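Hi everyone, thanks for making time this morning. Let me put the structure up on the screen, and then we can walk through it together.

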Amino acid sequence: MNLIYADIDIKRLQFGVNRPEKWWDKHKKHKDFQLKFIKSIREHGLLNPLSAVNQKDDGNYTVTVGNQRLKALQTMDFNSVPCICAFRMNQKNIPVGTPID
């Protein structure tokens, strides 16, 4: 695996194992936290990029770190998200599924 820093189209990012939409939707008592989290991102920006991995050749990425940040950014209508992406190299040492088109 190799790493690259890139702004990824938010539509190409998929939630990883820890699926925050279940947590965000089911736990209404945490609504205050959600609002503070979104307000913080609006005021300060996204301080830490998400980590994502490209596991297939379809151009989509699975978020490994930052699922709650992704959920917040989706509610804020972001178009792209800064990510540190891991991607595979093919047999000829060419990146497979890199975010740079």
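Here's a question to start with: how many residues does the largest nonpolar core have, and which of them make the most contacts inside it? Keep in mind as you look that this is a predicted model. The answer is 20 residues, and those with the most contacts within the core are Ile 8, Leu 13, Leu 50, Leu 70, Val 81 and Cys 83. At least two core residues come from each of strand 1 (2-9), helix 2, strand 3 (50-53), strand 4 (61-65), helix 3 and strand 5 (80-89). Strand 5 gives the most, with 4 residues.

Let's take Cys 83 from that list. Setting aside neighbours within four places in sequence, Cys 83 is in contact with Ile 4, Tyr 5, Ala 6, Ile 8, Leu 13, Pro 49 and Leu 50.

Now let me step back to the overall layout. The protein has 3 helices and 6 strands, and reading along the sequence you get β-β-α-α-β-β-α-β-β. Among contacts with a separation of 6 or more, 74% link residues 24 or more positions apart. Of the 101 residues, 38% count as buried. The accessible surface comes to about 6700 Å², and carbon and sulfur atoms account for 50% of that.

On to the helices. How do helix 2 and helix 3 pack, in terms of angle and axes? Helix 2 covers residues 31-44 and helix 3 covers residues 67-75; the angle is about 75°, with the axes 10 Å apart. The two are therefore roughly perpendicular to each other. On the helix 2 side, the contact uses Phe 33, Phe 37, Ile 38 and Ile 41, which meet Gln 68, Arg 69, Ala 72, Leu 73 and Thr 75 in helix 3. By type, the residues of this contact split into 6 nonpolar, 2 polar and 1 charged.

While we're on helix 3, its buried residues are Asn 67, Arg 69, Leu 70, Lys 71, Ala 72 and Leu 73. Just after helix 3, have a look at Asp 77, which takes a positive phi of about 60°.

One last stop: Thr 62, in strand 4. Is Thr 62 buried or exposed? Its relative accessibility is 19%, so Thr 62 counts as buried, the cut-off being under 20%. Not counting residues up to four places away in sequence, Thr 62 touches Gln 14, Phe 15, Gly 16, Ser 51, Ala 52, Val 53 and Gln 55.

That's my tour, and I'm happy to take questions!

Methods
Residues numbered from 1 in each chain as written. Predicted model: local features only at pLDDT ≥ 70, side-chain atom pairs only at ≥ 80, totals over all residues. Heavy atoms only, no water. Axes fitted to C-alpha atoms, helices over the stretch in contact; angles between N-to-C directions. Parallel < 35°, antiparallel > 145°, perpendicular 65-115°, else oblique. Contact = heavy atoms within 4.5 Å. Nonpolar A, V, L, I, M, F, W, Y, C, P; charged D, E, K, R; others polar. Core = buried A, V, L, I, M, F, W, Y, C linked by side-chain atoms within 4.5 Å. Buried < 20%, exposed > 50% of the residue type's maximum accessible area, 1.4 Å probe, protein only. Areas by Shrake-Rupley, 256 points an atom, 1.4 Å probe, with all protein chains shown as cover.
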